[in-house]
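Open the model in your viewer and keep the selection tool at hand. We will go from stop to stop.

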Amino acid sequence: MTTLIEAPPEDGELLPLKKSKSGGGLGKYLLIRFLLIFPTIFILVTLVFFLMRITGDPITAALGDRLPPDQLAQRIHEAGYDRPVLVQYFEYLGQIATGNFGRTISDNLLVTDMLATYGAATLELAINALVVALVVGIPLGMLAAYKRDKWPDAVLRVVAILFYATPVFFAGLLLKLVFSVGLGWLPVAGRAKTANEIALNQLASPTGIYWLDALRSGNMAALGDVAQHAVLPAIALGLLTGGVFLRLVRTNVIGTLNKDYVEAGRSRGVSEYRLVTKHAYKPALIPIITVMGLQIALLLGGAVLTETTFEWKGLGFQLAHYLTARDFVAVQGIVALLAVIVALTNFIVDVVAALIDPRVRY
Amino acid sequence: MSRHAAAPADPTGERPVLSIEHLKVTFATDTGDVKAVDDVSFAVAPGEILAIVGESGSGKTVTAKTILGLLPETAISSGAVLISGNNVISVTPAHLRQIRGLEVAMVFQEPSTALNPVFTVGWQIAEGLRAHGNVSKKEARTRAIEALGKVGIPEPEKRVDYYPHQFSGGQKQRVVIAAALALNPGLIVADEPTTALDVTVQAEILELLRELRDVYGTSIVLITHNMGVVADLADRVVVMYQGDVVEEATSEVLFDSPQEAYTRKLLAAVPHLGRNSASEGFTERAHQDTDVLVRAEHLVIEYPGRLGTPAFRAVDDVSFTISAGEVFGLVGESGSGKTTIGRAIAGLNKTTGGSLKVLGYEMLNFKERSFRPLRKDIGFVFQDPAASFNPQLTIGECVAEPILIHEDRTAAEVTKRVEELLEAVQLPRSYADRYPHELSGGQRQRASLARGLALNPKLLIADEPTSALDVSVQAKVLELFKEIQAEFGFAALFISHDLAVVDMLSHWVGVLFKGKLVEEGISSVVMGSPQHDYTKRLIASLPVPDPREQALRREANRALLFG
Amino acid sequence: MARKDQPLIRRLPVISHLNKSVGLQRGMLVAGIVITALFLITALFAPLIAPYGYSQRFPVSQEPPSGAHIWGTTAGGYDVFSRTIWGAQTAVYVIVVAVLLSIFIGVALGLVSGYLGGWLDRILVVVADAIYAFPTLLLAIVMSIAISRGQSSMWGGIFSAAISITVVFIPQYFRVIRAETIRLKAEPFVESAMVVGASSVRIMARHIYKNATRTLPLIFTLNASEAILTLAALGFLGFGIEPSSAAEWGYDLNHAQTDATAGIWWTGVFPGAAIVLTVLGLTLLGESMNDLNDPRLRGRRRAGKAPRTAPTAPAPLPADAALTKEVAS
């Protein structure tokens with residue numbers, strides 16, 4: 001080993017991506033960033049594959065207490081679960097490389113169909129929650145930064161921590177107690193009334209995102225119903241994420257508020273309000289967007305809990321069910337999809353952050 | 001100490017643009033309240049350039065910030081800061097905003113951080129205009145272009161849409177000045193406006209500030225620690241020390257006949273190019289009869305480019321030698337490759353081409369394992385004394401480290417040696433038990449020297465060892481360095497951007513420019529009659545701490561400096 | 001850096017932070033300390049505070065709060081008050097085991113990976129980043145199934161929960177320590193050690209380790225709150241600890257969901273409030289320490305008032321005290 005290290009040139013004048021007029025710098029960065037998606041997916045799929053194998057096999061999990069041992073062994077042999085794990089692993093990798101995710105064991109659906117059906121529901125929930133989170137987090141975060149170290153800041157910080165500290169299932173429980181049981185304003189669970197759900201599913205080429213389908217078919221009654229069902233889950237999950245966004249915006253805006261260029265703006269008579277919302281906010285946006293991308297994990301993890309709490313039949317709801325049934329195929333399919341979503345989101349977010357930064361663009 | 005009331009600064013009796021009366025500023029810190037400014041009074045006349053000079057902790061920057069009401073909330077100020085009749089300390093926030101930009105503007109020390117990286121420079125200038133009345137986008141743009149033109153940015157119509165990173169350091173400072181000028185304030189407060197810049201760029205910015213005053217009659221309050229800059233630009237000087245005004249006089253009077261002991265001490269400590277040269281009277285290179293310790297032949301050092309950018313060549317085809325006992329001075333501006341060469345000799349950077357032999361070891365084939373035994377013969381003194389000590393270890397432990405690694409000695413022997421070393425650098429023995437943060441900057445740099453000398457090295461590399469220090473501290477450290485070098489007789493590579501400092505210590509000097517060694521020779525000869533154009537320009541840009549001499553130099557070198 | 005001439009007690013993490021805090025920040029820190037202390041005391045003295053055992057069942061189910069059962073009983077006949085109190089104990093066990101397991105591995109990996117660099121570093125970074133970006137709850141669930149396989153003894157449940165959380169934490173410690181190590185490696189004091197010929201082991205042990213781990217008390221606090229949330233989520237989804245093995249707030253909340261629909265509030269509100277309060281306390285504590293470590297975020301007294309104490313010199317910590325991704329700055 002060596003203690004030689006590459007120190008940057010003395011005054012750091014040259015930026016890595018500065019002279020990208022030829023298109024080489026930015027283009028290459030994006031390419032490398034894109035290629036990084038694949039190891040991420042590969043690592044997660046591999047990790048889950050081996051962890052699931054440790055848990056036992058799906059045949060035993062489903063039928064272990066009902067079949068005699070010899071019949072059980074026979075069934076396991078037929079399904080191929082008694083072969084060496086590595087053989088199964090490479091077979092699995094070969095399959096997903098060709099887009100073949102197989103059929104779920106417990107309910108015999110094509111994994112791709114299952115992902116499409118339930119994925120739409122999860123997507124709808126995630127979008128709703130994200131809207132709530134952004135609407136709550138960004139303005140309040142800026143307000144807290146503007147009023148830093150004064151009482152509105154302290155209040156907002158405690159509120160943000162409360163949002164984060166309240167598990168979605170507890171927030172859901174409280175919301176249900178107040179708005180459904182107490183006031184009777186909103187439904188307790190589900191995505192829509194059964195009749196509406198059937199109507200929406202019978203549309204030609206449904207997207208599976210109910211408000212979109214209702215809007216497309218002009219079914220206003222259904223749209224109202226869907227909206228009513230969407231409120232509580234969106235708030236429960238949205239406030240959790242919103243609390244995190246609030247803290248994120250506050251910390252980063254305060255960070256840039258201490259920079260010389262904000263002081264320079266102040267020295268020219270720019271108002272404090274504009275210093276926060278423009279001069280400090282835009283440079284802060286680069287780290288904010290990057291870290292917001294990482295919150296996709298929080299959002300998806302929270303979605304599992306939200307869906308279970310509100311019986312929202314999406315991927316998270318199904319995942320809990322498949323896990324209990326040790327349905328390898330289904331679980332691996334869901335994890336693979338989530339891994340792709342996570343990797344793609346972070347890629348897009350990095351690209352957006354890079355594009356906001358003029359030092360990268362020019 | 002003499003106090004000067006806010007006497008009318010200008011004999012013509014014109015109303016001052018700025019008048020500070022009995023200003024006091026106190027900060028709350030973790031260790032209690034600290035008085036940063038204690039009863040300061042002075043005034044600035046229209047069209048006057050007033051310099052506030054002082055070392056760190058003198059309160060000069062705090063005074064500057066008070067003028068714009070930019071002190072943090074932890075500060076409490078009293079007294080009066082009058083700008084066209086309004087007291088900045090007591091006006092309402094809304095009124096203060098009106099004063100900022102319209103009546104007084106600020107130029108910052110570090111142009112690269114004073115500009116917002118994600119907005120165009122045009123937008124940033126326009127923000128100041130928009131803060132003072134309803135200005136249409138088009139009009140703001142026109143006025144931004146106008147301001148950029150005033151400060152000498154070429155093609156302002158095009159450059160107005162550029163982002164800060166598309167400008168060089170000197171141009172960025174011009175943009176900052178343009179933003180300050182946009183509303184034609186009567187007063188500009190310039191806080192160390194050239195400290196972050198190279199000396200050749202500094203000369204241009206000083207010229208620009210002088211023009212502003214001459215053409216637009218703008219008054220300037222210049223905050224600086226650099227006596228050369230004061231001599232070059234200021235009409236009148238206020239000397240501050242620990243929050244107090246020590247002396248106030250016109251520039252010429254102050255430099256000719258300083259009244260106060262502190263001012264005299266301060267001026268005496270300023271290195272003056274051409275005086276006190278270590279190679280005074282040399283006619284040929286010294287120490288050529290001894291071993292060659294370092295031999296660079298066509299040395300090339302490149303930093304690998306990141307993500308598709310080409311490699312950056314920091315050192316390009318450089319050849320030189322350092323002989324035993326010789327002090328080799330290496331001067332150059334930022335990006336010249338001087339630090340890279342120093343680090344390469346110490347094995348902290350890889351060399352990528354040519355040959356670099358250090359104590360006979362070819363650095364091109366560097367392996368830490370085989371080089372390690374040679375390390376005991378090489379000492380290194382880093383630029384920032386605060387960062388070069390492990391905060392978790394005592395000074396004694398830090399100084400002992402090389403001894404523990406290379407020599408097998410008992411604990412008592414090590415302690416004894418550490419104490420000897422501390423005494424050699426004129427630090428009390430008891431300092432061995434102190435932690436780095438308990439020492440002052442100058443003391444830490446002495447300790448750093450002690451660590452560098454712990455094993456009696458043949459070669460000492462000193463990378464800008466005094467550039468983080470105040471001028472009076474620098475003078476003492478340089479003196480100590482000179483004495484110790486004479487006593488121990490080690491060879492030294494002395495790296496600095498400051499020509500006067502290099503000349504005080506070095507026998508032989510090399511001038512680096514963009515990775516190339518453009519000139520080398522006996523130090524006093526190079527400083528006295530430079531041959532290469534770049535060396536000439538470098539020496540001409542360096543302001544000397546004497547207003548009359550500097551005015552003559554400036555005129556004599558006008559063609560060379562400003563084309 | 002804590003000054004060594006101060007008495008040891010002044011230099012302990014939480015106490016030194018208290019000394020340099022002021023105003024609202026001090027209020028938040030004190031609130032955090034009080035709530036966290038309350039939580040720890042409850043856990044420690046659970047056997048004395050709780051009137052009944054955590055697995056003790058009563059014939060009265062879903063009884064509203066009364067004299068015998070001050071917070072009522074659940075559908076399964078458990079006493080809500082007792083289970084909420086015992087739940088604190090389970091939470092503390094899980095936090096301690098999870099953090100201890102992950103801290104050693106994470107710190108060691110981060111130090112070596114950051115200092116040596118090279119291929120090992122690149123691979124570890126890609127793996128850590130992949131896990132870090134993924135919904136941690138899902139990994140914890142799969143991990144928990146893999147470990148416990150339906151096993152439900154108290155310590156079995158606690159260990160499986162703790163190990164599941166560990167998988168999530170190791171990458172976090174790894175990232176923080178690695179980033180610090182890389183930053184410190186370029187510091188002149190480390191280079192000073194390099195040029196005098198110190199070996200890599202010596203540099204890591206003597207110069208980097210102590211400076212890189214200064215933020216650990218803070219990460220510990222913030223991760224503790226995440227551990228509680230993960231534990232509760234596992235319990236809520238039915239992959240946690242069985243009610244007969246230990247009291248666990250998430251499990252109780254799971255069973256309270258249907259109660260809520262029927263308007264029975266007491267079975268869910270109390271364990272839920274316990275989670276919120278504990279996480280609130282720990283996060284207040286951690287965030288306040290974070291702010292006080294970061295000179296940019298630290299509020300200061302206004303001048304003119306008498307100083308309360310004469311505490312330590314400010315020690316700038318790494319600006320990105322972004323420790324868990326939730327608080328990332």
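How much area do chain A and chain C bury between them? About 5,500 Å², with 78% of it on carbon and sulfur atoms. Buried area here is the accessible area (1.4 Å probe) that two parts lose on being put together, summed over both.

A word on the ground rules. This is a predicted model, where local features need pLDDT of at least 70, side-chain atom pairs count only at pLDDT 80 or more, and totals for chains, interfaces and linings use all residues. Residues are numbered from 1 along each chain as its sequence is written, chains are lettered from A and ligands numbered from 1 in the order in which they are written, and side-chain values use heavy atoms, with hydrogens and water left out.

**Stop 1: the contact of chains A and C**

Select the residues in contact (heavy atoms within 4.5 Å). Chain A gives 63 residues and chain C gives 61 residues. Now pick Arg157(A), Tyr164(A) and Phe169(A): they supply 11% of the area that chain A buries against chain C, more than any other three residues.

Stay on Arg157(A). It forms a salt bridge with Glu287(C), and the closest N and O atoms are 3.2 Å apart. A salt bridge is a side-chain nitrogen of Lys or Arg within 4 Å of a carboxyl oxygen of Asp or Glu. The rule finds 2 salt bridges across this interface.

Next, colour the helices on the side of chain A that touches chain C. Among those that give two or more residues are α2 (37-54), α7 (151-165), α8 (168-182) and α13 (272-309) of chain A. Helices are DSSP runs (H or I, at least four residues), numbered from the N terminus. The largest share, 11 residues, comes from α13(A).

**Stop 2: the largest cavity**

Keep α13(A) selected. It also gives the most to the lining of the largest cavity, with 5 residues. That cavity has a volume of about 310 Å³. A cavity is a set of points on a 1 Å grid over the protein atoms alone where a 1.4 Å probe fits but cannot get out; lining residues have an atom within 4 Å of a point. Grid points are joined across faces, edges and corners, and the volume is the space filled by probe spheres set on the points.

Of the 20 lining residues, Leu298(A), Leu305(A), Thr136(C), Leu137(C) and Leu229(C) are the closest to its centre.

**Stop 3: a pair in chain B**

Select Glu127(B) and Arg130(B). Their side chains meet in a salt bridge (3.0 Å, N to O). Both lie in helix α4 (residues 121-130) of chain B, 3 residues apart, about one turn of the helix.

Note on methods:
On a 1 Å grid over the protein atoms alone, a cavity is a set of points where a 1.4 Å probe fits but cannot get out, and a pocket is an open set with protein on both sides within 12 Å along at least five of seven lines; lining residues have an atom within 4 Å of a point.
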